[in-house]
Amino acid sequence: MVEFDFDDITPVKLNEEEPQLCQILYDDEYKETMGLMLALMQKDEHSERALWVTEKGIELLASHYTIWNYRYTILTRLNKDFYEELDWCEQIALENEKNYQIWNYRQLIIEKIISDGGDKKFNPHREFPIMNAMLQEDTKNHHVWSYRKWLVERFELYHDEKELQFDDQSIENDLRNNSAWTHRFFLKFSPESGSNNDIAYRAMVDKEIEFTKRKICQCPQNPSTWNYLFGIYRRLDKDVNELYEFCLTFANVQESQDVEMVITSTYALEMLATIYQRRKEPVLAAKVYDLLSTTYDPIRANYWNYEKGRIAV
């Protein structure tokens, strides 16, 4: 600790004396840094040296919520450049991929920039490079996807070309990336993204259905694509009977006994069971559930038997 003078500060001792069920063995650097920070917080000090201590504390333990909160208060009191803070925070994010505190902190900083901006307008595309870099390292990083969702909501990026291109590329890179499919559904089918009364929106829906069908054909046993397809039909209250012929291409349960039954997707079977019930064909629906419980998805036999028992005869 050489950057600032702390001779007037008595570091707070961390609780190491009392007997504890699981004693944490802090190293000297951690004890010194956290002890100083706690002492400064007790003094309610918001200074350059306090800001420096929070930086050291975050470098040691980036998941410490109290440090982030204290740092934000210091920055506000000192009227610091919050754009510079976003830049600093990026390196911390890259070094702590699974840390969610960082993303909550970025939200606070951006909201502060907006509230103080006056005639300045925050450009949400500024956040794309760091998010993309993080998702290149871990394509299913939940914290980054959640932050991305917040950014879309906050700046109404549902139709943003760059955002849509990113999601397209994410799916292209990994067809089984459920996070990308979930984000796509949020972009396309949130209440804010459009209305079924709009011609352009209905055209988009038809295009999405065909897009998803093509992706299913590439990988019939991918739950992400089937869930996306089912989600469209549920959200828009569309008739699932439209999917009947499509599902049969992956589960030919209606073929004659002379034709070998070929099942390439349990998700197609599940949808067929729903369709048969809608078509008032309980015998066929029961047959599908039997196939699932005995042959194609026996690990969930209890669930399929339960569904079979709910069929209205």
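**Figure 1. Placement of charges in the predicted model.** The protein carries 37 positive and 55 negative charges, whose mean positions lie 6 Å apart. Lys and Arg count as positive and Asp and Glu as negative, with His and the chain ends not counted; each charge is placed at NZ of Lys, CZ of Arg, CG of Asp or CD of Glu. The model is predicted, so local features need pLDDT of at least 70 and side-chain atom pairs pLDDT 80 or more, while totals for chains, interfaces and linings use all residues. Residues are numbered from 1 along each chain as its sequence is written, and side-chain values use heavy atoms, without hydrogens and water.

**Figure 2. Overall fold and extent.** The protein has 15 helices and zero strands (DSSP runs numbered from the N terminus: H or I of at least four residues for helices, E of at least two for strands). Its radius of gyration is 27 Å, well over the 20 Å that the globule rule gives for 313 residues, so the protein is more spread out than a compact globule. This radius is taken over C-alpha atoms, and the rule is 2.2 Å times the number of residues to the power 0.38. Along the principal axes, the C-alpha atoms fill a box of roughly 90 × 55 × 30 Å.
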